[in-house]
Amino acid sequence: MNTRFCEQCGEETTHKEVMKQKPSKYGKSKKEQFKAFLEGFFSGSAASLPAGASLELTDRYIVCTKCGKQTLENHGEEFQ
Ligand SMILES: [Zn+2]
């Protein structure tokens, strides 16, 4: 849980973090999935993420628990 300013509420509200998987540009096969994993790994984007998650494949949203507004939050590593 995080307290953030919500533009819709116009005040500081509690937000929760939601990870949504992007439609993958890779195929569904194991081989393609593995390729996707390797690409994420070697680009360094997977280093700071939980296993299986990739920046390229995942959109991170913060959701206001008061009004439900979703804000895309893909930038920055300071948000925890
Ligand atoms: Zn709100």
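Biologist: Let's start with Cys 64. Is that residue buried or exposed?
Modeller: Cys 64 is buried, because its relative accessible area is 1%, and anything under 20% counts as buried. Keep in mind that this is a predicted model.

Biologist: Okay, and Cys 67?
Modeller: Cys 67 comes out at 32% relative accessibility, so that one counts as partly exposed.

Biologist: Which residues hold the zinc ion?
Modeller: The zinc ion is coordinated by the SG atoms of Cys 6, Cys 9, Cys 64 and Cys 67, at 2.2 to 2.3 Å. Along the chain, these donors follow the spacing C-x2-C-x54-C-x2-C.

Biologist: Why is the arrangement around the zinc ion called tetrahedral?
Modeller: Because the four donor atoms subtend angles of 103 to 115° around the zinc ion. The rule for tetrahedral is that all angles lie between 85 and 135 degrees.

Biologist: Back to the cysteines. Where does Cys 9 lie?
Modeller: Cys 9 is in the loop between E1 and E2. Its relative accessible area is 24%, so Cys 9 is partly exposed.

Biologist: What is Cys 9 in contact with, apart from its close sequence neighbours?
Modeller: If you skip the neighbours within four places in sequence, Cys 9 is in contact with Cys 64, Lys 66 and Cys 67. Also, Gly 68 is 59 residues away from Cys 9 in sequence, while their C-alpha atoms are 9.8 Å apart in space.

Biologist: And which residue is the bridge partner of Cys 6 in E2?
Modeller: That's Glu 11. E1 and strand E2, which covers residues 11–21, run antiparallel and are joined by five bridges.

Biologist: Last bit, the whole chain. How many of its residues count as buried?
Modeller: The chain has 80 residues, and 28% of them count as buried. Its accessible surface is about 5800 Å², with 54% of that belonging to carbon and sulfur atoms.

Biologist: What about contacts between residues 24 or more positions apart?
Modeller: Those account for 48% of the chain's contacts with a separation of 6 or more.

Technical notes. Residues are numbered from 1 along each chain as its sequence is written. This is a predicted model: local features need pLDDT of at least 70, side-chain atom pairs count only at pLDDT 80 or more; totals for chains, interfaces and linings use all residues. Side-chain values use heavy atoms; hydrogens and water are left out. Buried means under 20% relative accessible area, exposed over 50%, partly exposed in between (1.4 Å probe, protein chains only). Contact means heavy atoms within 4.5 Å. Accessible areas come from the Shrake-Rupley method with a 1.4 Å probe; for residues, only the protein chains shown count as cover. Donors are N, O and S atoms within 2.8 Å of the metal (3.2 Å for Na, K and Ca); water is not among the atoms, so sites may look incomplete. Four donors count as tetrahedral if all angles lie between 85 and 135 degrees; four count as square planar and six as octahedral if opposite donors are over 155 degrees apart and all others between 65 and 115; anything else is irregular. Two strands pair if DSSP finds at least two bridges between them. Helices (H or I, at least four residues) and strands (E, at least two) are DSSP runs, numbered from the N terminus.
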